[in-house]
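Subject: Structure handover

Hello,

Here is the structure I promised to pass on. Please open it first, then read the notes below.

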Amino acid sequence: GAGATLSNPYRGLPGGDPFPYHGQFVNGGSIFGASPNFAWPYTYQLNFSVQREVVQNLSVMAAYVGSLSHNLPFAIDLNYPTFAGATSNNVQARRPNAAFGPVLSMQSNQTASYHALQLSATQRMSHHLMFNAFYIYSKTLSSVQLDNNTTQGGVQNFANIAEDRGRSDIDMRHQVVVSMIWQPDYYTGGNQVLRNVLNGWSISPILKVHSGFPFTVANGADANLDGNNNDRAQLIGDPFSGACPNGTPVGSTQCWINTAAFARNVPVNGNPVDGNSPRNFFNQPGYKDLDLAIFRTFKIRESVNLQVRGEAMNVFNMINLNAPNATVGTANFGTITSAQATRQLQLGLRATF
């Protein structure tokens, strides 16, 4: 229309704006935005290592590796309900501005740290063998849950975020990785057929062993009356020893942690209560796996090669258990009911030309 501008493209159009907005804000709706003071994250990288060749083609290394991360993004609820006169039915009324629900402000106010001792051994190809071996002893901490694909980590109590400082979701205390290539070309006889059949193969195993990832014991009820069912359970005993109420010893699939050491929180005399068990305080079972590849490359023509390859993931079909049910009061609390993938086999041909 006449007089239209970029800021008002429908000015002068007969009938006015063809896309009018007649909606309205719903009471209790949430808002999400970035803080005006948001700053980009930064990390200090720390490294000190010593390396030495022990014998020809074999070297070892010991290193301290660390990182200190600051200004990590996390969304804080600026309209978090107060606890005075709290009930499960007046969450919205207890917000500083009852016209809005959560007002999430993405701020750059969280931290994380990683410290590790790393040991390694490396052998270059010698006597038909090459390998790399690593051992890592480490600890990873974060001020809140940061290992996800959002900026909301499920804080138990936005009025006391310090309660959520703990181990990272990816924290592994011990980790071992060994990779190897073995070429058993030992036949040196004069039989050309045996030479072609027995020599030329490569066997490549990869061993992976590590401690279990951490998990949190959930309360299963909103005991702090903030409207979010993400509270942690109350720790009332030793979760690492003894036996569960069913008589099963701690550490078994039916009793991974002592379920009698936890209680479900409920408000005390109407007052909100936070769970005292730390975030990511417990470990699920460890992981062990051996993958194996056997392959050989055949020369078809001068510029054409064909590789025959067989691979097995978890070749010994070792059982790697998942975390137990970790919600107090549920039927399977403390019980492990699932495991990771079993052995998988695959064969392949690859032509290069």
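Is Asn57 buried or exposed? Asn57 is buried, because its relative accessible area is 18%, and the cut-off for buried is under 20%. Please keep in mind that this is a predicted model.

Backbone first. Asn57 sits in the loop between S2 and strand S3 (58-77). Its phi is near 75°, a positive value in a residue other than glycine. Most residues other than glycine have a negative phi. Asn317 also has a positive phi, about 55°, and is not a glycine. You will find Asn317 in the loop between strand S14 (304-313) and strand S15 (344-352). Asn317 counts as partly exposed, because its relative accessibility is 33%. His127 takes a positive phi near 55° in the hairpin of S4 and S5, where two residues lie between the strands.

Now the strand pairing. Strand S4 (residues 103-126) turns up in each of these pairs.

- Strand S1 (residues 31-34) runs parallel to S4, joined by four bridges. Ala34 has Met106 as its bridge partner in S4.
- S3 runs antiparallel to S4, with 18 bridges between them. Here Phe74 is partnered by Gln107 of S4.
- S4 pairs with strand S5 (residues 129-142) in the antiparallel sense, over 13 bridges. Gln118 stands opposite Ile136 in S5.

Next, the nonpolar cores. The largest has ten residues: Phe215, Val217, Ala233, Ile257, Ala261, Phe262, Phe282, Ala326, Val328 and Phe333. A second, separate core has nine residues, including Phe74, Tyr80, Leu146 and Ile161. What does Ala326 touch, leaving out residues up to four places away in sequence? Its contacts are Phe215, Thr216, Val217, Ala218 and Phe333.

Last, the surface. In soluble globular proteins, nonpolar side chains tend to be buried together. Which strand gives the most to the patch? Strand S2 (residues 42-55) does, with five residues. Val50 lies in S2. Val50 is partly exposed, because its relative accessible area is 48%.

Over to you.

Best wishes

Technical notes. Residues are numbered from 1 along each chain as its sequence is written. This is a predicted model: local features need pLDDT of at least 70, side-chain atom pairs count only at pLDDT 80 or more; totals for chains, interfaces and linings use all residues. Side-chain values use heavy atoms; hydrogens and water are left out. Buried means under 20% relative accessible area, exposed over 50%, partly exposed in between (1.4 Å probe, protein chains only). A nonpolar core is a set of buried Ala, Val, Leu, Ile, Met, Phe, Trp, Tyr and Cys residues joined through side-chain atoms within 4.5 Å. Contact means heavy atoms within 4.5 Å. Two strands pair if DSSP finds at least two bridges between them.
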